Amino acid sequence: MSYDVVIVGAGVTGAAIARELSRYRLKLLVLEKEAEPAFGVSKSNSGIIHAGTQNSPASLKGWLCVEGNRLLREELAEDLGLNLVQCGQLIVIFDEADLPELDRIKAEGEALGVKGLQLVDRAWLDANEPNLGPEVKAALLVPSAGIISPYRFVYALVENALKNGAELKTSCRVTGVTRIEKGGFYVEAGGQVYATRFLVNAAGLRADEISALAGAPTFRITPRKGEEYLLDRKREHIANRIIFPLPSKTSKGILIIKTSDGNPMIGPTAHDTEDKEDLATTDAGLAEVLAGARRMIPSFEKSDIIAYFAGLRPVAGKDFVIRHEDSAPGLVNAAGIQSPGLTSAPAIAVMVADILKKHGLELRPKEQFHRLRPRPAHLFQIPLEESRRLIEKNPAYGDIVCRCELVSAQEVRDAIKRGAVTLDGVKFRTRAQAGRCHGGFCTTRILKIMQEELGFPVTALTKRGPGSELIKDERK
Amino acid sequence: MRDRELVIVGGGPAGMAAALAARAAGAQDVLLLERDQHLGGILNQCIHPGFGLHHFKEELTGPEYADRFARQVAEDPGIEVSLRSFVVKLTKDREISFLRPGALEEVKARAVILATGCRERTREMIAIPGSRPAGVYPAGLAQKIVNMEGWIPGREAVIVGSGDIGLIMARRMALEGVSVKAVVEIQKTSRGLVRNVVQCLEDFGIPLYFQHRISMIHGRDRVEKVSVVKVDDEFRDIPASGFELSCDTVLISVGLIPENELLEMAGAEMDRKTNGPVAPEVNLTSLPGIFACGNAFKVYDLADSVTRDSELAGRAAARYLGLK
Ligand SMILES: Cc1cc2nc3c(=O)[nH]c(=O)nc-3n(C[C@H](O)[C@H](O)[C@H](O)COP(=O)(O)OP(=O)(O)OC[C@H]3O[C@@H](n4cnc5c(N)ncnc54)[C@H](O)[C@@H]3O)c2cc1C
Ligand SMILES: Cc1cc2nc3c(=O)[nH]c(=O)nc-3n(C[C@H](O)[C@H](O)[C@H](O)COP(=O)(O)OP(=O)(O)OC[C@H]3O[C@@H](n4cnc5c(N)ncnc54)[C@H](O)[C@@H]3O)c2cc1C
C-alpha cells in the first residue's frame, strides 16, 4: 500500500490537514491510535474560536489563529454545517492600573489584524453583562471570538475528507517509521506497513515521539493540564460573552466560557505535568477554577456543576512547531499545537499544504471537490416546528432516547452510521448522556441500539475503545 | 390544539394513582403520558420485595406493585394512556407539546399533574476527583442494567453512599457474584432503612465505612481502584487515614433530585436547593391548575407514600376542575 501523504493523528490538526489535502489529486491516509477521531486533546478543550488577541504579533500561533478564525467564520462553518456562534469575548480587569495592559493587548491584536477591538467601561458592562461582579472595572471587547463544539468540528472535517477520498484507520497506532533510501517512509501501524512519500506528524501529545521515530528528535512535548467544569444549562445566560481575565505568562487564565450546546463552562487551569495520560481532575483544580470564575461572576455555585474533565495541552516551547524537518526529508511536523490550536487548525492545514508543495508534492486540484457536508439533524438545535417535519418524515426522530438533551433513537443511529463505534462517540455526536443525569436514563437504550447497528455483543461495547468495556458479563 | 380535561405527565406509581383518584372524583377525560414503553416508572427495575405493605397489606415486588395499578388504569375507559410519549414543553396556560414516534402532538389541558419522578444525583454533583474511566455508574442505572437487561457491569465494586438504593444494589451485585469491596458513606449514619443495612450488608459481610469519602478514582480506560480517606465532623480529610481499594466498578448512590424541568419551563417558582416546587402544601405549585406529585414533588422513601399523596393530587385536580 503506497500513499502520497500519511497523516499521523486524527485530532483537529490532522483532520484539518486531511480535509485541506483532499482537495487535490493525492492518495491520503490518516492513522489514529484511538477508536475514533477527536479522542485526544481535541475533545477536551474550551471550544473557543479565539480572535487572535493575547498572542504576540511575532508568533506563528498569533497569525495562524487570526487566519483560522477568519476561515471558520467566512467559509468552513457554513460549508461543513457547523454551529459556530460568534458571541464575542471580554477581557476584564480588576484594577484601573491595568488599563495600559488592555491597551497593549488591543495594539497587539490590531497588529495581527483582529478587527473591532474596543475598550468598554463599567457602565457598558452593567448594561451588557449584568452578572459581572463589583471587582470588574473595565474590559476589552473582542467581537470576533466565538464558540464551537470541538469534537463535532473534528468529525465534520473527517467526514468531509473521507467523502473526498481520504482514508482513515482508527485503533491503528504508529509504532515504527523507516526512511526509504530513495525518499519517503515506511510507516508501521496496527500490524501493517504503509509506504508514503510524505509523512505529516499531527500526533498531539505524542508528536515528539513520532518525530523522533522518523529521525528528527528536534523537540520535546510537555503536557500542560487544564481542568474544566461544565455547568447546568439553566445557567446558560449567566454571561453573554466569553469572559477572560488578563492573561498570565503560561495561560489565558480561568475563563467563563459559553459552549455551543448551551452549558456554560468554567476553567481551564494550567499546570505542567510529566504524564501524558494524566487526565484526572483534582480538588485543588476545582477550588482554583471556582475562585477564578467567582471573581468575575460571583453567583457561581458548586451545585451548578454537572460535569468536568481535564485536557493536556501539547506544549513544545512558546509556539507551534510547523515545519519540514531537513534532517528527515519528507517529514512535516504540525506539533506543539497548544491553544489556540482548535482555532488555528484550518490555517495550519493551508500552511502544511504549502510546505508539502515547496518540498515537491504537486497539488493538482480535483475536478470535483465536495466542499459541502450536510448538517446532521439534531432536535436540540432546531425549533419544535422543524422537529415536527423531521418526525413526520421519519417516525424514529420522535422516539426520544435521552430526555435531558432531547436526543432521538434516529439521531443515535445516524451517529453510528457516521462512524461512532463507542458510547463516547455517540455522546459527542448527539449529546445523548451529556446532560444533567449523565446517562442514568438512556445508557441501556443506547447500548441496545449500538448492539443492533454494530452487531457486537454488549460485552464488546466500550466507552472509548478497547479496555473501556462497559459490561463484563451477560446473563442469558 | 386539542382540549383535554386533565393531562398527567409520567406513568409511574404517582401518575397512575393520580389518574385513578381523579377519575374516582369525577374526571371524565384523563390523558396519561409516559415516555417509556410501559407504565410503572422506576418500580419496574425494583425487583426486590418490600412494596405495598401499607396500601395492599401484603409484600410485593416493584413490578408487581406497578402492575396492580397498571391493570386498573388499562381497564378504565376514562383514561387514555399514550406510551413512548415524551413531553417537551409546558406553558403556564397548560399547553403541552409531546413527541412520540411519528408525531409532535399539542394539547391544551384544563388541569395538569406532573408526575415525572426524579433522577439520581451523579458523581459529578459531588465532584469526586480523578479520571473518568468506564465503570462508574449511578446505582439506579446499575439496577436497571442488572435487573432489566441481565447485564453485569463489573466484577469488583465499591459503592458510594449508604441510602436504600446503594444498600439494595450492594446486595444485588453480591447475589450476582460481584465482589462488593465496601460501601463508603461520608456521614456518620446511614440514610437507609435499618433492615436494609442488616439484610443487604451485614448478611453478606460487606464492610460499611462511615465518615469516609472517595478522594480519587483511578484508571485510564476502566476503573482500576479508588482512594478512600476518613473525614472529620466538618468533612475535612483526616491526614494519613487514606487507603486504596482495587475495583473495576464504582456505583454512585448519593440521593435523588426531583425532575422538574417542565415545571420550571412553565415558570413555576422552584426551590433551588431541592429542585421541587415552592408550595404552601403538598402537590401544589405556584401555577394555578398545575399540580406535582410523587417524586417530582419531593423525594419519597416508600412507594406507598407516593401512592397515598398522589391520590390527593388527583382529587385536588378534580376539585380545581369544579368536579365533586
Ligand atoms: C484545557 C484546554 C483548553 C483548550 N482550549 C482551547 C480553545 O478554547 N481554543 C483553541 O483554539 N484551542 C484550545 N486548546 C488547544 C486545542 O485543544 C489543541 O491545540 C488541539 O486540540 C490540538 O489538536 P491536535 O490535533 O494537534 O492534537 P490531538 O487532538 O491530541 O490529536 C492528536 C492525535 O494523534 C493521535 N496519536 C498520537 N500518537 C499516535 C500514534 N503513535 N499513532 C497514531 N495516532 C497517534 C492521538 O490519539 C490524537 O488523536 C485547549 C487545550 C486544552 C488542553
Ligand atoms: C433508581 C431508583 C431506585 C428506587 N428504588 C426504590 C426501592 O427499592 N423501594 C422503594 O420503595 N422506592 C424506591 N425508589 C423510590 C421510587 O422512585 C418511588 O417510590 C416511586 O417509584 C416514585 O414514583 P413516581 O411515580 O413519582 O416516579 P417514577 O417511578 O420515577 O415515575 C416517573 C415516570 O415519569 C416518566 N416521565 C418523566 N419525564 C417525562 C416526560 N417529560 N414525559 C413523559 N414521561 C415522563 C418516567 O418515564 C417515569 O415512568 C427508587 C427510586 C429510584 C430513582
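Where is A:M1 found? Here is a friendly walk through the model, point by point.

1. A:M1 is found in the segment before β1 of chain A; helices (H or I, at least four residues) and strands (E, at least two) are DSSP runs, numbered from the N terminus. With a relative accessibility of 53%, A:M1 counts as exposed. The cut-offs are: buried under 20% relative accessible area, exposed over 50%, partly exposed in between (1.4 Å probe, protein chains only). The C-alpha atom of A:M1 is separated by 5.5 Å from that of A:Y194, although the two are 193 residues apart along the chain.

2. **How to read the model.** This is a predicted model, in which local features need pLDDT of at least 70 and side-chain atom pairs count only at pLDDT 80 or more, while totals for chains, interfaces and linings use all residues. Residues are numbered from 1 along each chain as its sequence is written, chains are lettered from A and ligands numbered from 1 in the order in which they are written, and side-chain values use heavy atoms, with hydrogens and water left out.

3. **Ligand 1 and its shell.** Ligand 1 is surrounded by 40 residues, and the closest are A:T13, A:E32, A:S42, A:I337 and A:T343; a residue is near a molecule or strand if one of its heavy atoms lies within 4 Å of it. By type, the shell divides into 16 nonpolar, 17 polar and 7 charged residues. Here Ala, Val, Leu, Ile, Met, Phe, Trp, Tyr, Cys and Pro count as nonpolar, Asp, Glu, Lys and Arg as charged, and the others, Gly among them, as polar. In chain A, α1 (12–21), β12 (222–231), β17 (305–315) and α8 (341–358) each supply at least two residues of this shell. Domain 1 (2–43 + 150–220 + 318–358) and domain 2 (89–143 + 222–315) of chain A each give at least three, with domain bounds from an automatic or database domain assignment.

4. **Atom pairs at ligand 1.** An oxygen atom of ligand 1 lies 2.9 Å from a backbone N or O atom of A:V41. A backbone N or O atom of A:P340 is 3.4 Å from an oxygen atom of the ligand, and an N or O atom in the side chain of A:H50 is 3.5 Å from a nitrogen atom of ligand 1. The protein covers 98% of the 1,000 Å² of accessible area that ligand 1 has on its own; accessible areas come from the Shrake-Rupley method with a 1.4 Å probe, and for residues only the protein chains shown count as cover.

5. **A:P340 and another proline.** A:P340 lies in the loop between β19 and α8 of chain A. The peptide bond that joins A:S339 to A:P340 is cis, with omega near 5°. Another cis peptide bond joins A:G267 and A:P268, with omega about -10°. As background, most peptide bonds are trans.

6. **Ligand 2, a shared site.** Residues from chains A and B surround ligand 2, so the site is shared between chains. The shell has 36 residues, the closest being B:A14, B:E34, B:I42, B:H48 and B:N295. Domain 1 (2–119 + 256–320) and domain 2 (122–252) of chain B both give residues to this shell, so the ligand lies between them. An oxygen atom of ligand 2 is 2.9 Å from a polar backbone atom of B:I42. The protein covers 94% of the 980 Å² of accessible area that ligand 2 has on its own.

7. Phi is near 55° for B:K57 and near 65° for B:A240. B:K57 is exposed, with a relative accessible area of 68%, and B:A240 is exposed at 87%.

Key. A polar contact is a pair of N or O atoms within 3.5 Å; within protein, one must be able to donate a hydrogen and the other to accept it, and residues adjacent in sequence count only if both atoms are side-chain atoms.
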